[in-house]
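Try each task before you read its solution.

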Amino acid sequence: MPATSKSALSGRVKAYEYLKNTVLAEPDAEGGFISEQEIAERVGVSRTPVREALLQLAAEELVQLVPNRGAYIAPLTGRDLRDLVELRNLLERFAAERVLATGTAPWPAMQKVLAQQERCDDPASAKEFIELDTTFHTLLVEAAGNAMLSRTYTALRARQVRAGLVALRRSGTRHAEVVREHQAIVTALVNGEVEAAVAAIDDHHARTLKHQLTTT
């Protein structure tokens, strides 16, 4: 591949990762348009790779391309939030059943992440807390050993982080609740209890959705 092609690809990838994992994960960005020039300056690329990255994100329905206006970040609706939690629940329940059946439950790594979450107990650490939240659940999904399952779950990240931040910032008790709910999941995995693990995942997602819907 020519050097220019590699450079162009690298620029698009950098722009895509920055947009998806930083800009689109930020609740304050909802309802606004993305400035190609601003993103290009932040990432250190030209506007062309930014435009290509936005086309990819539009195909994933993470932004909406509006003629003569640019890329719009639509707020997550109640339906979006319900669909997101429902899909996460299906994937995580399957993962829990699989890892307990195969003896590959990653509870030591999940417990370590949970300990880090406990320390993120102030508003300034909200983003770190939600990033750790995503890591916690991703560890379980990836331990199932299904590459397609993992890719599907990873594709939910931007929406998951944004929705989590919205709920966390507007609830004074969610931090402690999430820690308790995560501990229930880990405890069930440690004890090898499939029904308890699935029930803990169901409860966690139901409570998460309840908090998210009160903010929409």
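**Exercise 1. Work out which parts of the chain the salt bridge between Glu30 and Arg162 ties together.**

Step 1: Glu30 pairs with Arg162 in a salt bridge, and their closest N and O atoms are 3.0 Å apart. A salt bridge here is a side-chain nitrogen of Lys or Arg within 4 Å of a carboxyl oxygen of Asp or Glu.

Step 2: Glu30 sits in the loop between α1 (3-23) and β1 (33-34), while Arg162 is in helix α8, so the pair ties together parts 132 residues apart in sequence. Helices (H or I, at least four residues) and strands (E, at least two) are DSSP runs, numbered from the N terminus.

Step 3: Glu30 is partly exposed, at 24% relative accessible area, whereas Arg162 is buried, at 2%. Buried means under 20% relative accessible area, exposed over 50%, and partly exposed in between (1.4 Å probe, protein chains only).

A word on ground rules: this is a predicted model, where local features need pLDDT of at least 70, side-chain atom pairs count only at pLDDT 80 or more, and totals for chains, interfaces and linings use all residues. Residues are numbered from 1 along each chain as its sequence is written, and side-chain values use heavy atoms, leaving out hydrogens and water.

**Exercise 2. Find the buried residues of helix α2 and say how they are arranged.**

Step 1: In α2 (residues 36-43), the buried ones are Glu36, Ile39, Ala40 and Val43.

Step 2: Look down the axis of α2: these buried residues fall within an arc of 100°, so they line one face of the helix. The arc is taken from the directions from the helix axis to the C-beta atoms.

Step 3: Now try the salt bridges. Arg42 forms one with Glu38, with closest N and O atoms 2.3 Å apart; being four residues apart in α2, the two are separated by about one helical turn. Glu36 is linked with Arg47 and Arg51 in a network of salt bridges.
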